[in-house]
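Dear colleague,

I am handing over the structure below, together with an account of what was found in it. Please keep it open beside you while you read.

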Amino acid sequence: MARISQHQLPHDEYHGVVIVGAGLSGLSAARILLEHDMQPLVLERESHAGGRCMTAVHNGGAYDMGAQFFTVRRPEFQHWTDAWIGAGAVREWTRGFPDISGISERASHPRYCGVAGMSALPDALAKGAQIRLNTSVKRISEGRACWLIDVENGTRIKADIVLLTPPLPAALRLISDENTWRMGALLLPLTGVEYVPCIAAAVALDGPSGLSAPGAIRVDGAVVAWLTDNQIKGISPDAPAVTAHASRAFSERHRDTPLDVVEKLLAEALARFLKSPITSLSAYRWDYGIPANTLQKNFYLVEGRAPLYFAGDAFCGGQIEGATLSGIAAGKAITERLRLSKNTAGRPVGG
Ligand SMILES: Cc1cc2nc3c(=O)[nH]c(=O)nc-3n(C[C@H](O)[C@H](O)[C@H](O)COP(=O)(O)OP(=O)(O)OC[C@H]3O[C@@H](n4cnc5c(N)ncnc54)[C@H](O)[C@@H]3O)c2cc1C
C-alpha cells in the first residue's frame, strides 16, 4: 500500500508513515491507519511487540513482567476493551486486591487482564501491521520535506511522517542534535515528563506461592511493592510462576547495581512472602517504568519540514488506557492529515 512520493531516491527505502515503537501506543496508532487503508511501517527495538505490556515465558512458566492489569475510565477505551473481551483476548480479573495482611480494598471498578497474559493486548492490536522487530532506531533527522531514520544496522529509511512512541526521554534522544537545536522551544514541553524506574522479577517456585484469589497482593514494602501468582491469575497453568515488582525506592537505589546482585537481594526479601522455595529468579529492569507526571494532551505534534508526532503513556492520563488512547488519537490525526493532503495536493504522500 506504500506509495512513492516525489522526493524518494531509487536506493532509499521509503514509507509514508513510520512509527517508532511497537508498544500499545505505536500499535494502536498503526491499527487506526490500517483501518483507513494505510500501511505504516512500525520499527521495534526488541524481538517482540508490546513494550511494557508483555508476557514472558521461562521454563514453562508465564509471567506478566510489566503491566499486571488495566482499568477503564473513558467510554472510548471501554469500547476497545469490550471488543477485546468479545474476541476472547481479555477478561475481568477482579474488582480489588488485598494488601499483605489479607485485607482487600473495597470492591470497585473492574481490573481487566489478558486471558493468556497481558501480551494479548499488543497481539490483538498488531494483527495485519507491518512490524520490523529487532530494529533499533539510532537517530532521526530532517531531510527535504521528509524524515531520515537511521537504524542501528546501518539502514536509512525515509518517511513523510514519523510518530515516536518510546518513553519521552528516550524519544527525544533519537532526534539529531541539529534538529533538537532547531526545534528548541517546540520540544521543551516534552522534557518535563519524568519516569519512575521499576525492577521486575520472574520467580519460579517449587510449589504453591501461598497467595490466595485473585492471585495478587499489594505489598508496599521497602523492597517489594507487588506480587502476582500467575498460576492463580490463570496465565501459567503448567508451572508456579510469580511476578514481583520492586518498590520505587529499591528500584531507584539499584539503578546501576549489577542484575545478579539485585536478584540475590530480591530473593532474600521475597522468601518471607512465599510458601514454597524459590527455584530461580530472573530480574528485568524497566528504566522508564511509569511516568511520574503526564501532559494534558492526547499526543504532541512538532511541525518542522515534515511532521513529527509523539504519543505514549505520557499523554491521556498514562497507563495502559492512556497509552492506547494516545496512540489512537495520534493515528486519527495522521489519517486526517494524509486524507487532507491527498485531497488538496492531488498527489499521494503516504499510506
Ligand atoms: C513494572 C510496570 C508495571 C505496570 N503496571 C501497570 C498496570 O498494572 N496497569 C497499567 O495500566 N499500566 C501499568 N504499567 C504501565 C503500562 O505498562 C504502560 O503505560 C504502557 O504499556 C506504555 O505503552 P507505550 O506504548 O506508551 O510505551 P512502551 O510500552 O514503552 O512502548 C514503546 C516501545 O518503543 C520501543 N523502543 C524504544 N526505543 C526504541 C528505538 N530506539 N527503536 C525502536 N523501538 C524502540 C520499546 O522497545 C517499546 O516496545 C506498568 C508499567 C511497568 C513498567
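**Strands around β13**

In this predicted model, strand β12 (residues 216-218) pairs with β13 in the antiparallel sense, over three bridges. Within this pairing I217 stands opposite L227 in β13, and in the hairpin that the two strands form, with five residues between them, D220 takes a positive phi near 50 degrees. Strand β13 (residues 224-229) is mostly covered, six of its six residues being buried. Five bridges also join β13 to strand β14 (residues 241-246), and these two run antiparallel, with D229 standing opposite V242 in β14.

In soluble globular proteins, nonpolar side chains tend to be buried together. Here the largest nonpolar core has 44 residues, and those with the most contacts inside it are F70, W84 and I320. Among the elements that each supply at least two residues of this core are β1 (13-20), α1 (24-35), α2 (75-86) and α9 (319-345), and the largest share, seven residues, comes from α9. Leaving out residues up to four places away in sequence, I320 touches L24, C53, A67, F69, F70, F77, M118 and L121. Apart from this core lies another, of 31 residues, which includes L43, L164, M183 and L308.

**Aromatic pairs**

A search of the whole structure finds 13 aromatic pairs. In one of them, the rings of F69 and F97 have their centres 5.1 Å apart and their planes at 40 degrees, so the pair is tilted. Since F69 lies in the loop between β4 (61-64) and α2, and F97 in the loop between β5 and β6, the pair ties together parts that are 28 residues apart in sequence. F97 is buried, with a relative accessible area of 2%.

The rings of Y195 and Y288 have their centres 5.7 Å apart and their planes at 80 degrees, so this pair is edge-to-face. Y195 lies in strand β11 (residues 195-205) and Y288 in strand β15 (residues 278-291), so the pair ties together parts that are 93 residues apart in sequence. Y195 is buried, with a relative accessible area of 10%, whereas Y288 is partly exposed, at 24%.

**Residue V137**

V137 lies in strand β8 (residues 137-142) and is buried, with a relative accessible area of 10%. Leaving aside its neighbours within four places in sequence, V137 is in contact with V20, L43, I149, D150, V151 and L174.

With best regards

Methods
Residues are numbered from 1 along each chain as its sequence is written. This is a predicted model: local features need pLDDT of at least 70, side-chain atom pairs count only at pLDDT 80 or more; totals for chains, interfaces and linings use all residues. Side-chain values use heavy atoms; hydrogens and water are left out. Helices (H or I, at least four residues) and strands (E, at least two) are DSSP runs, numbered from the N terminus. Buried means under 20% relative accessible area, exposed over 50%, partly exposed in between (1.4 Å probe, protein chains only). Contact means heavy atoms within 4.5 Å. Two strands pair if DSSP finds at least two bridges between them. A nonpolar core is a set of buried Ala, Val, Leu, Ile, Met, Phe, Trp, Tyr and Cys residues joined through side-chain atoms within 4.5 Å. Rings of Phe, Tyr and Trp (its six-membered ring) pair if their centres lie within 6.5 Å; planes under 30 degrees apart count as stacked, over 60 as edge-to-face and the rest as tilted.
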